[in-house]
Amino acid sequence: MVFLIQIKTPARIHFGQLDLNGDLGRIYGGSGAAIVEPYTLIKVEKNSKLEVEGLKKEKKKLIIEKFLSDLKKRKLLTKNQGVRIIIESLLPAHYGLGSGTQFGLAVAEGINKLYDLKLEPKELAQIVDRKHSRSAIGFGAFYQGGFIVDAGRPISDKNNDQYLPPIVYQNKLPSEWRFLIIIPHFKKEKIAGKKEIKAFNEIEKMSVQKCAENAHHLLLGMLPAVEENNIDKFSSHLNIIEDNVSEYFSKAQGGKYSSKHAQEIIDLMVNEGVLARGQSSWGPALYGLVENKEKAKKIKLKLQEKLSEKINEIHITKAANNGAEITKSV
């Protein structure tokens, strides 16, 4: 009998949407990667009621309460079946690292396994309300890990929040590749929730030419580069997509990047040898990709030396190639 479930989730980097036009019948789509750090870590054990301990427990309790209530309405749990959840680590919220999706799925999958409910991932995502209408990269990061591509949504479902985009490609990234994740100082209001929806509704269509260019660099650039373990080609194609997307969203986020320090940070990383660079989703989290850990350490030291007053955190990490780590204790 299982008494305790521990779930450690990856963060996810989103490399930007491919098609923000929709004239071919689908919209959005994109790629991203699951990374080992930073992460969310929770422990879930059976209890007769709901108890939440640890980080941001009052705010997170609301999410868990709703999920348990929905399970009981579906008669999957009885009135006296609850959980005790200990929140030991959390991804920073609204920084472009997929914090909400990872926490929601960690709770959902923890309770699913604790009570042996046998619910499928897509159903869990729907119940815990982490479908994420424009991207399935966070969903794929949790359940599969590695490098992920989703195919966006049919244009007929553009406003359908029940739609979970299909994951059409997943592969492990080479274990020696390293990402630098940089959290810059940030004072502006973050783009999330209703503000994010408003931004997508008001922005003009991306040109068909740019959409085609993005798809071309993904399909015939990044994907074969992953298969062939070619970080130079992977990075050069990714950088073109990043530039196209960041320029497209510049009006919505007040510039190419959401943080005023981002360009300076990225310029320094490029000068020090990062191969790929950009902002994850709406940011403000930035990333740089390099060949190995030693190169990443040198760049981290240079960032700390030159720009420490403009940076909150720097993580050196690698791809989480197997998704979330879920362990059971009896």
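User: Before we start, what does "buried" mean here?
Analyst: A residue is called buried if its relative accessible area is under 20%. Please keep in mind that this is a predicted model.

User: Okay. Is phenylalanine 15 buried or exposed?
Analyst: Phenylalanine 15 has a relative accessible area of 1%, so it falls under the 20% limit and counts as buried.

User: What kind of aromatic pair does phenylalanine 15 form with tyrosine 287?
Analyst: The pair is tilted. The ring centres of phenylalanine 15 and tyrosine 287 are 5.3 Å apart, and there is an angle of 55° between the planes.

User: And tyrosine 287, buried or exposed?
Analyst: Tyrosine 287 is buried as well, because its relative accessibility is 0%.

User: Where do phenylalanine 15 and tyrosine 287 lie?
Analyst: Phenylalanine 15 belongs to strand β1, residues 4-19, while tyrosine 287 belongs to strand β10, residues 286-290. The pair therefore ties together parts that are 272 residues apart in sequence.

User: How many aromatic pairs does the structure hold?
Analyst: There are nine aromatic pairs in the structure.

User: Which residues do ring pairs link into a cluster?
Analyst: The cluster consists of Phe15, Phe147, Tyr169, Trp177, Phe234 and Tyr287, joined through ring pairs.

User: New topic: what sits over the ring of tyrosine 39?
Analyst: That is the charged end of lysine 8, at 4.3 Å from the centre of the ring. In another such arrangement, the charged end of lysine 60 is placed over the ring of phenylalanine 103, 4.7 Å from the ring centre.

User: What joins glycine 283 and proline 284?
Analyst: Glycine 283 and proline 284 are joined by a cis peptide bond with an omega of about 10°. Proline 284 is found in the loop between β9, residues 276-279, and β10.

User: What is phi of serine 281?
Analyst: Serine 281 has a positive phi, near 55°, although it is not glycine. Serine 281 lies in the loop between β9 and β10, and its relative accessibility of 32% makes it partly exposed.

User: And where does aspartate 116 lie?
Analyst: Aspartate 116 is in the loop between α2, residues 99-114, and α3, residues 121-127. Its phi is positive too, near 50°.

Key. Residues are numbered from 1 along each chain as its sequence is written. This is a predicted model: local features need pLDDT of at least 70, side-chain atom pairs count only at pLDDT 80 or more; totals for chains, interfaces and linings use all residues. Side-chain values use heavy atoms; hydrogens and water are left out. Rings of Phe, Tyr and Trp (its six-membered ring) pair if their centres lie within 6.5 Å; planes under 30 degrees apart count as stacked, over 60 as edge-to-face and the rest as tilted. Helices (H or I, at least four residues) and strands (E, at least two) are DSSP runs, numbered from the N terminus. Buried means under 20% relative accessible area, exposed over 50%, partly exposed in between (1.4 Å probe, protein chains only). A charge sits over a ring if NZ of Lys or CZ of Arg is within 6 Å of the ring centre and within 35 degrees of the ring normal.
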